[in-house]
Amino acid sequence: MKIALVGKPNVGKSALFNRLVGRKSAIVSDEAGVTRDRKCSQASLFGLEFEVIDTAGIDLLSSTSLAAGMNQQTLLAIEESDVILFVVDVSEDISEYDKAIALWIRKYSKSKPVLLVKNKTDKAKSHNDVMRLGFGDGIAMSALHNWGLEKIFEHLHEMEGESDTLSNVEGGSATISASNSDSVKIAFVGRPNVGKSTMINAIVGENRLLTGDEAGITRDAISVKWKFGARELVLVDTAGQRKAKLSHLEHIAVQDAWKNIARADIIFVTMDIRNSLEKQDLTIARKALNEGKVIVFLLNKSDMVSNAAEILETIKWRLSKEFAQLPDVPCLLVSAKEHKGLHRIFTTALSLHDTWSKRISTGQLNKWFQKAVANNPPPLAKGMPIKLKYISQTSIRPPTFTLFAGRAEALPVSYERYLLNNLRRNFKLGGVPLRLIVRKPHNPYDSER
């Protein structure tokens, strides 16, 4: 079952969405019109599995292209849903505008069941005038204080046609259902207006995300499930990041973007080829690299210039200087508008993901290790040798190796870099971040001293 949350701006749809999925997934603010794209998530409410869609506030007064796009996203959510939750704020009197929105929903719901949800009931003196909307007395609740969800469950449960009752439910919040751990999560990040949303729309073949010439349209990070061949992917569109004094809402959006980047496997650092690899692009990439993520640079809007190949070579040269610790980091030409280069970005990224997930046996590692050390022994430290014992891989994603050495603290960083570079070449680990941890072997007599 798929459920759409609709209503005018700032009535608490995103707060209810967060309650239903059991986590702070959608950005919530007192400012109206925060949500713009439709945001989907799997949820489980008291054992009832369903998908919930958060939508932008319906705007019937504005004639801007942004308002039209937001309304279109809401229409698409209504079309693909089975049940509509019409959320109203009953801390305010029902207005003629509320009645106009009710008529709009009735027009486009096409006989689908509509449940009226009276949110912010804790602040309301009286909410009997909701009957004027034509959807009955409605369900009283407070998303902020997390009560009333059991009434929503009862109605949805009845629609599912199941025979179980709510006899054993004592309360509590909803929980999100388990996600597919095999899915590869790819986050599109970059400065505002570089074409991240347009690119995802081109990839999935539909206007899934709101786009436009106005910078900063995307606020919530939106996840879109998609398959590339046999691989299950989750494409995450994030808010554009700019180096400037940010408003409170922009700051929240950027924080939300970084939470999603931390959860992602692959980061597509997306740039406008006409204005690429600026300081903010490098800052974003370095943060992602510090998180140990797979990074692919995308030069979008390549159709807008006549010397795209020349610009690409210049950017690759700069990347080799800026990211010397990550040789062979890919940079690809794409055009979301003309749907060019989109297939190649996934073949490249998924190949790197396989490398990023690679595990090398301890036997193979130490055979390589002995040869590498014999060819280039570590330097003396204060006239004394540094004894390198053995090495093992202790983690993947990113590949992480632990080297045990006597006098580990004296091993120069330059020698660690030598080992990592040699490791990359020998085991074909180019293009992904590697980590080397140097430790002193455990001495059982240390505790007796």
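This is a predicted model: local features need pLDDT of at least 70, side-chain atom pairs count only at pLDDT 80 or more; totals for chains, interfaces and linings use all residues.
**Entry: V21**

The relative accessibility of V21 is 0%, so V21 counts as buried, the cut-off being under 20%. I then took the C-alpha distance from V21 to S41, which is 6.9 Å. In sequence, V21 and S41 are 20 residues apart.

**Entry: the protein overall**

I noted eleven helices and 15 strands in the protein. Of its 449 residues, 51% are buried. I looked at contacts between residues at least 6 apart in sequence, and 69% of these join residues at least 24 apart. The accessible surface is about 21,700 Å². Carbon and sulfur atoms account for 49% of that surface.

**Entry: the six-stranded sheet**

I traced an open sheet of six strands with mixed pairing. I wrote down the strand order as β2-β3-β1-β4-β5-β6. The edge strands are β2 (39-45) and β6 (139-140), each of which pairs on one side only. Strands of a sheet pair through backbone hydrogen bonds, in parallel or antiparallel fashion.

I followed β1 (residues 2-6) to its partner β4 (residues 83-89) and found the two running parallel, joined by four bridges. In this pair A4 stands opposite I84 of β4.

Which helices lie across β1 and β4? I found α2 (residues 65-80) lying across β1, β3 (48-54) and β4. The angle of α2 to β1 is about 150°. I also found α3 (residues 96-109), which lies across β1, β4 and β5 (114-119). The angle of α3 to β4 is about 175°.

**Entry: D89**

I stayed on strand β4 to look at D89, which has its place there. D89 has 9% relative accessibility and therefore counts as buried. What do the side chains of S91 and K120 do with that of D89? I found a polar contact of 2.5 Å between the side chains of D89 and S91. A polar contact of 3.4 Å joins the side chain of D89 to that of K120. Leaving out residues up to four places away in sequence, I listed N10, V11, N119 and K120 as the residues D89 touches.

**Entry: helix α5**

I looked at α5 (residues 196-204) and asked why it is largely enclosed by the rest of the structure. Eight of its nine residues are buried, which is the reason. I listed the buried ones as K196, S197, M199, I200, N201, A202, I203 and V204. These pack against several elements, among them the strands β7 (184-189), β8 (222-228) and β9 (231-237). Their partners also include β10 (266-272), β11 (294-300) and helix α9 (342-356). Just after α5, I noted a positive phi of about 80° at G205.

**Entry: helix α11**

I checked the length of α11 (residues 413-427) against expectation. Its 15 residues at 1.5 Å a residue should span 21 Å, and the end C-alpha atoms are 21 Å apart, so the two agree. The buried residues I listed for α11 are Y415, Y418, L419, L420, N422, L423, R424 and F427. What covers them includes α10 (362-375), β13 (388-395), β14 (400-405) and β15 (435-439). Just after α11, I found K428 with a positive phi of about 55°.

Note on methods: Residues are numbered from 1 along each chain as its sequence is written. Side-chain values use heavy atoms; hydrogens and water are left out. Two strands pair if DSSP finds at least two bridges between them. Contact means heavy atoms within 4.5 Å. Axes are lines fitted to C-alpha atoms, for helices over the stretch in contact, and angles run from 0 to 180 degrees between N-to-C directions. The expected span of a helix is 1.5 Å times one less than its number of residues. Buried means under 20% relative accessible area, exposed over 50%, partly exposed in between (1.4 Å probe, protein chains only). Accessible areas come from the Shrake-Rupley method with a 1.4 Å probe; for residues, only the protein chains shown count as cover. A polar contact is a pair of N or O atoms within 3.5 Å; within protein, one must be able to donate a hydrogen and the other to accept it, and residues adjacent in sequence count only if both atoms are side-chain atoms.
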